[in-house]
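Have the structure open as you read.

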There are 2 protein chains.
Amino acid sequence: MTGPAIRSWQAVQDEVRRRIARRVWKPGDYIPHEAELAREFGCARATVNRALRELAEEGLLDRRRKAGTRVALNPVRRARIDIQVIREEIEAKGAAFRHAVLVRELRAPPPDIRDRMGTGAGQAMLHLRTLYTADGAPYVHEDRWVNPEAVPAVLDETFSDISPNEWLVREVPFEGGDFTFSAMTSTPAEASVLSCAVGEGLFVLDRTTWSAGGVITSVRLVFHPGYRMQTEM
Amino acid sequence: MTGPAIRSWQAVQDEVRRRIARRVWKPGDYIPHEAELAREFGCARATVNRALRELAEEGLLDRRRKAGTRVALNPVRRARIDIQVIREEIEAKGAAFRHAVLVRELRAPPPDIRDRMGTGAGQAMLHLRTLYTADGAPYVHEDRWVNPEAVPAVLDETFSDISPNEWLVREVPFEGGDFTFSAMTSTPAEASVLSCAVGEGLFVLDRTTWSAGGVITSVRLVFHPGYRMQTEM
DNA sequence: CAGTGGTCTAGACCACCAG
DNA sequence: TGGTGGTCTAGACCACTGT
């Protein structure tokens, strides 16, 4: 232990980050093993472990049993994106939230939706198209398919008071999902719903969620022009 | 302890997830405190703590000292996006990677870039425009500004053998950054570089990174039409 | 096989904050 | 001010994997 003790896991993490940033430990280098760092810092190995484990999860370190810990060569940076309920996202900007259900029908989905949900060909789903507005301006257009086998109660809901987005988050527990971010060129139909020009670039989020009971819902959100999704690291 | 012991933190986490999914614990409910869960599961409190801490980080639980732990009402879902070096992203798809530097000049950046980087008006930066291709097809167009004060070595690099993206990741340690995902409509200039039609929706990633030494670089990546960024939860 | 990280434990003290 | 989560410790055993 050369300097003052570094006893909290955050202090350890900061110190390790600093050494990597200052090239004391260079990309590809092995760093001392946990027990040795614990001795140097004057703390328990568990403390070092927690600090290093999180750095490994961030992609800054590569850790392998027996081999040891090394500074990652090409660090994979992990951006975390918080996806909250649309109403809260809009209200957080200080705007007035409203939603309007444009389409509500029970029918068999097109093939691409069947693919994504992994459901049978003839199976009917609840199809909902909803426009969410911020201070009256179109914010996002939601095109959603809900599996009534996984969520029978959805058939009794009119979604006049609560949006499909919020109702599902509140009422239906889900265990997993996948997200795809992309861009699309606005079609005349999208342009009309979002009150924008045809041929504008629009930000798109596709999401499919499931639980133990099977696939719950598959949804495409098409955002208004200029929408940005931000995150920090 | 009613059933068999649940001794690993993952088993504890799974069990808690199950109880939330099955509505044993409903949104808004307080769940038993750590010590009680440890007794029920037959494990140490630290084990329960690790399981619950991660669930709280995911946004599934709300934890506060003294108040206790409750199931989140409107869970904020966190999608994690891995941002790797472009070369690796392309080679992971089994395609051949190449890059070509289109522009390399030292000059003062436009106001919007100055804003993002928080640098002075007259300060010159290295401006680089680079096209990355996969099997010869345009993949992403990178428009980058590098701060030579933070990275003096950048002025000696021609980027013929290694791309600006990879060089910076390898050579320059950075401590933080922010990301913005959005969509744009392809201008004639972008369309020409990316070999796509004018007016197509394109996926855009803006990133600014810094370290203790100050702002390092600000970059805009404009991806080819049809690009998707995926993640799972 | 042996060295390293991964995890668990029992206990302790501290920090925060709702009542 | 007491109850709860947040953290640290010293030690132990296990799991994986390079050699």
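R23(A) counts as partly exposed, because its relative accessibility is 22%, and the cut-off for being buried is under 20%. Keep in mind that we're looking at a predicted model here. You'll find R23(A) in the loop between α1 (9-21) and β1 (30-31) of chain A. Most residues other than glycine have a negative phi.

S195(B) is not a glycine either, yet its phi is positive at about 55 degrees. Look for S195(B) in the loop between α7 (188-194) and β9 (201-211) of chain B. Is S195(B) buried or exposed? With 60% relative accessibility, S195(B) counts as exposed, since the cut-off for that is over 50%.

**Chain A as a whole**

Let's zoom out for a moment. Chain A contains 7 helices and 11 strands. Its radius of gyration is 24 Å, whereas a compact globule of 233 residues would come out near 17 Å. Along the principal axes, the C-alpha atoms of chain A fill a box of roughly 70 × 40 × 30 Å. As for what is hidden inside, 48% of the 233 residues in chain A are buried.

**Around the DNA**

Now turn to DNA strand C. How many residues surround DNA strand C? There are 22, and the closest are R45(A), S8(B), W9(B), A44(B) and T47(B). If you sort the residues of this surface by type, you get 12 charged, 6 polar and 4 nonpolar.

| Protein side | DNA strand C side | Distance |
|---|---|---|
| R45(A), polar side-chain atom | base oxygen | 2.4 Å |
| A44(B), polar backbone atom | phosphate oxygen | 2.7 Å |
| R45(B), side-chain N or O atom | base nitrogen | 3.1 Å |

Which elements give two or more residues to the surface near DNA strand C? From chain A they are α3 (45-58), β2 (61-64) and β3 (68-71), and from chain B there is α3 (45-58). The largest share comes from α3(B), with 4 residues.

R50(B) lies over the face of W9(B), 4.1 Å from the ring centre. Chain A has such an arrangement as well: the charged end of R50(A) sits over the ring of W9(A), 4.1 Å from its centre.

**Rings meeting rings**

Next, the aromatic side chains. Over all chains, the count is 18 aromatic pairs. Take F223(A) and Y227(A): their ring centres are 3.9 Å apart and their planes are at 15 degrees, so this pair is stacked. F223(A) and Y227(A) are both buried.

For another geometry, go to F159(B) and W167(B). There the ring centres are 5.6 Å apart and the planes are at 90 degrees, so the pair is edge-to-face. Both F159(B) and W167(B) are buried.

F223(A) and Y227(A) also belong to one aromatic cluster that takes in residues of both chains. From chain A, the cluster includes Y139(A), F181(A) and F203(A). From chain B come Y139(B), F181(B), F203(B), F223(B) and Y227(B).

R144(B) is found in strand β7 (residues 137-146) of chain B. Why is R144(B) classed as buried? Its relative accessible area is 4%, and the cut-off for buried is under 20%. The side chain of R144(B) is joined to that of T217(B) by a polar contact of 3.2 Å.

Finish at D115(B), which lies in helix α5 (residues 111-117) of chain B. D115(B) counts as exposed, because its relative accessibility is 67%. Along the chain, D115(B) and I31(B) are 84 residues apart, and their C-alpha atoms are separated by 46 Å.

Key:
Residues numbered from 1 in each chain as written. Chains lettered and ligands numbered in written order. Predicted model: local features only at pLDDT ≥ 70, side-chain atom pairs only at ≥ 80, totals over all residues. Heavy atoms only, no water. Near = heavy atom within 4 Å. Polar contact = N/O pair within 3.5 Å; in protein donor to acceptor, adjacent residues only side chain to side chain. Nonpolar A, V, L, I, M, F, W, Y, C, P; charged D, E, K, R; others polar. Phe/Tyr/Trp six-rings, centres within 6.5 Å; stacked < 30°, edge-to-face > 60°. Buried < 20%, exposed > 50% of the residue type's maximum accessible area, 1.4 Å probe, protein only. Lys NZ or Arg CZ within 6 Å of the ring centre and 35° of its normal. Rg over C-alpha atoms; globule rule 2.2 N^0.38 Å.
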